[in-house]
Amino acid sequence: MKYANYRSIFKMYELVQPFLKYSTPLEESLPAGKILIVAPHQDDESIGCGGTVLKHVKSGGTAEILFCTADKNYERMTETEQAAKILGAKLNYFLQFEIRSLYNNISQLAERFVTLFERAKPDVIFLPFMIDNHQDHIAVSKAFLKAYKKKKLDCLVYAYSVWTTLIPNVIIDISEQWEEKQKAIECYKTQTVSRDYTTMASSIAKYWAVVKGKNTQYCEAFFKASAGEYARLVKKIL
């Protein structure tokens, strides 16, 4: 891996161990009212944590989505609006960075995070796990660390995976939300035409459901930490 090397991965296993339990707990609901989903790209929000977002909104919570990069063609923007509507997002922010540019613009991304985190004031921030194997995804965690140094956050982080499985310390049953999550992913026809993201998300969700048991069919898994704890781990690992 170019952006998260193997030394970082081994270090991560050692550092996150205190956060883990032998039996990963099944969390019924988020300890939050307002959540902010940080999506490096237009589709990560649906693939990575769409079921949990749906579950939260349907239980009375609010959700906003922050898209770091933007594919500015009309079709992709229309797909994004449709997916966000299915997820029940109250508001969407678009930072307009070019795709695959985030790693070279971490300081600028961090500045935007400071402004938007202050505006949104979320109880929970969802973002890609720090070693998720895409340069834009890793850049989000590095920018989060820079933003936290400038402005401390009193919230929780739920880190999700898209391209690399993570070591979770919380699992959420999304069996009842799966069909709607699938519809949100399928909104992105410009993306699913070349890669079957629905099958990818379904396979991962079924895997975690089997791991957890308890009559679950689909689950999403997250690495959960306070904002400060997550920032400290990013500093040590990346």
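Start by selecting Phe126 and Tyr158: both are buried. Keep in mind as you go that this is a predicted model. Now look at the two rings. Their centres sit 5.4 Å apart and their planes are at 40 degrees, so the Phe126 and Tyr158 pair counts as tilted.

How many aromatic pairs does the structure hold? There are 12. For another one, select Phe67 and Phe94, which are stacked, with 5.0 Å from centre to centre and 15 degrees between the planes. This pair also links distant parts of the chain: Phe67 is in strand β2 (residues 62-69), Phe94 is in strand β3 (residues 91-97), and they are 27 residues apart. Is Phe67 buried or exposed? Phe67 is buried, at a relative accessible area of 0%, whereas Phe94 is partly exposed, at 24%.

Next, pick Phe113, Phe117, Phe144 and Tyr230, which make up one aromatic cluster. Stay on Phe144 and show what surrounds it. Neighbours within four places in sequence aside, Phe144 touches Phe113, Phe117, Ile125, Leu127, Leu153, Val157, Ala227, Tyr230 and Ala231.

Now for the wider setting. In soluble globular proteins, nonpolar side chains tend to be buried together. Here the largest nonpolar core has 51 residues, and Val38, Leu66, Phe113, Phe117, Leu127, Phe144 and Tyr230 are the ones with the most contacts inside it. Highlight helix α4 (residues 106-120) too: with 8 residues, α4 gives this core its largest share. Then jump to a second, separate core of 32 residues, which includes Ala84, Val124, Tyr160 and Ala205.

Last stop: a pair of helices. Select helix α2 (residues 44-58) and helix α3 (residues 74-87), whose axes come within 8 Å and cross at roughly 35 degrees. Which residues meet there? On the α2 side, show Glu45, Ser46, Gly50, Val53, Leu54 and Val57; on the α3 side, show Ala83, Ile86 and Leu87. Colour this contact between α2 and α3 by residue type and you'll get 6 nonpolar, 2 polar and 1 charged.

Terms used: Residues are numbered from 1 along each chain as its sequence is written. This is a predicted model: local features need pLDDT of at least 70, side-chain atom pairs count only at pLDDT 80 or more; totals for chains, interfaces and linings use all residues. Side-chain values use heavy atoms; hydrogens and water are left out. Rings of Phe, Tyr and Trp (its six-membered ring) pair if their centres lie within 6.5 Å; planes under 30 degrees apart count as stacked, over 60 as edge-to-face and the rest as tilted. Helices (H or I, at least four residues) and strands (E, at least two) are DSSP runs, numbered from the N terminus. Buried means under 20% relative accessible area, exposed over 50%, partly exposed in between (1.4 Å probe, protein chains only). Axes are lines fitted to C-alpha atoms, for helices over the stretch in contact, and angles run from 0 to 180 degrees between N-to-C directions. Contact means heavy atoms within 4.5 Å. Ala, Val, Leu, Ile, Met, Phe, Trp, Tyr, Cys and Pro count as nonpolar, Asp, Glu, Lys and Arg as charged, and the others, Gly among them, as polar. A nonpolar core is a set of buried Ala, Val, Leu, Ile, Met, Phe, Trp, Tyr and Cys residues joined through side-chain atoms within 4.5 Å.
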